[in-house]
Amino acid sequence: MLSEFELIRRYFDRPARSALLGVGDDAALVKPAPGMALAVSTDMLLEGRHFVVGAEPRALGHKALAVNASDMAAMGATPRWATLALALPQPDEPWLAAFTAGLYALAERYEVDLVGGDTTRGTLTIAITILGEVPAGHALLRSGARAEDDIWVSGELGGAALALAHRQGRVKLGQNDAAQAARRLDEPEPRVALGERPRGIASSPIDIPGGFAGDLPRVLERSSVGAQVQYASLPRPAALAAFAEPQLEAECVLSGGDDYELLFTAAPDKRAALAVLGAELGIALTRVGTIRAGEALLELLDAAGRVMPRTAGFDHFRA
C-alpha cells in the first residue's frame, strides 16, 4: 500500500510552470504579475453530500477544479494556482490515476498549477483552494448592480438538476438527453473565458451553484437593490421543457443549482457589446430581467405577469 509521501510524489508532484515554488516544501511560493491582485477561493466536495458513493473519479477530478475555476470567473479573475486537500479511505491507485487525469486535463486547459496541499485517511473529501489574478482595482464584485441594469445569464439553467432527477427515478430521459444532462452535473464547464472579458461591460457577477433563485438574492443584498425577472425568459434545456411538469421545471431552473453558469448585470447600453461577446465566445447570453431600486428582493413574474411564490436556493444546512 502506498505511503502518504509516495502517494504525493507519484500523483501530485509535478513541475510548476508559473509558481516560484510548487509541491515539495512546507509551502508554495507564488507571485502575481505586476499590477495584478490575488483572488482566492476554496470549495469542498464531500462524498454522500456533493457526489454519490462510487462516483466516477475522472469526473470528480474535473469537477473539483471546475467549481473553483468558476469562482474565479465570477470575479473576473484568471485562475493560476491551486492546492488540494484530499481525504481518502485508502490509497486506491486506479482511483487516484483517474482522479488526477480529470483534474490535470482541466488544469492544462486553463494553465493552472497544482502547487501543494495535504492528504489523509478519512471519508472521501476533496477540498481545493484556488488563486487567480485580476487587475488591481478591477475585480468584478457583487456590489456593482444599479437600478435599471439588465440581468443576464449564460448558457442554460436546470440541466444538472435534471440529471439528478433522472438518477433518482423522478423522470425518465432518453439516452442523448440523459448524457447531456449528466455532463452538466458531473463535468460542469467553468465560464472562465466569459469571466475574464466583461470588465468594463458587466458588473456584479456571481456563479450559480445554489440555483438562480438562491444566488441572485446574494447580489441584490450586496448591491442594496431589488430585481424583477420574467420566469419564462430563463434559459433551460429543451429536454426539461418537454416534460410539461411545471413544478419539476421550476424546481430545476430556479433552485436546482450545480450548473455553474454566470449571472451578471449590465447597463442597457451594453446590450450590443454583450451580443458580440456571446457570439465571439460561442456562449448564449440571455437577458432575463431588470434591477430595481428598493428592497433587496427578487420578484419573479409568470407568463401572465403574476408574481410567483418565492423560491429558495440550495442550502447545505437545510437540504
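User: What does contact mean here, and which residues is His62 in contact with, leaving aside its neighbours within four places in sequence?

Analyst: Contact means heavy atoms within 4.5 Å. On that basis, His62 touches Gly102, Leu103, Leu106, Arg109, Glu187 and Pro188, once neighbours within four places in sequence are set aside. Please keep in mind that this is a predicted model, where local features need pLDDT of at least 70 and side-chain atom pairs count only at pLDDT 80 or more, while totals for chains, interfaces and linings use all residues. Residues are numbered from 1 along each chain as its sequence is written, and side-chain values use heavy atoms, with hydrogens and water left out.

User: Is His62 buried or exposed?

Analyst: Buried means under 20% relative accessible area, exposed over 50%, and partly exposed in between (1.4 Å probe, protein chains only). His62 has 7% relative accessibility, so it counts as buried. You will find His62 in helix 2 (residues 57-74); helices here are DSSP runs of H or I with at least four residues, strands are runs of E with at least two, and both are numbered from the N terminus.

User: Which backbone oxygen lies 2.8 Å from a polar atom of the His62 side chain?

Analyst: That oxygen belongs to Pro188.

User: How do I read the packing of helix 1 and helix 3?

Analyst: Two packed helices are described by the angle between their axes and the distance between the axes. Axes are lines fitted to C-alpha atoms, for helices over the stretch in contact, and angles run from 0 to 180 degrees between N-to-C directions. Helix 1 (residues 4-11) and helix 3 (residues 93-110) pack at about 40 degrees, with axes 11 Å apart. Angles under 35 degrees count as roughly parallel, over 145 as roughly antiparallel, 65 to 115 as roughly perpendicular and the rest as oblique. The two helices are therefore oblique to each other.

User: Which residues of helix 1 and helix 3 meet?

Analyst: From helix 1 come Leu7, Arg10 and Tyr11, which meet Glu93, Leu96, Ala97, Thr100 and Tyr104 of helix 3.

User: Where are Ser204 and Ser224, and what is phi for each?

Analyst: Ser204 sits in strand 6 (residues 202-207) and has a positive phi of about 45 degrees, although it is not a glycine. With 1% relative accessibility, Ser204 counts as buried. Ser224 is in the loop between helix 7 (212-223) and strand 7 (226-230), and its phi is near 55 degrees, also positive in a residue other than glycine. Ser224 has a relative accessible area of 55%, so it is exposed.

Conventions
A polar contact is a pair of N or O atoms within 3.5 Å; within protein, one must be able to donate a hydrogen and the other to accept it, and residues adjacent in sequence count only if both atoms are side-chain atoms.
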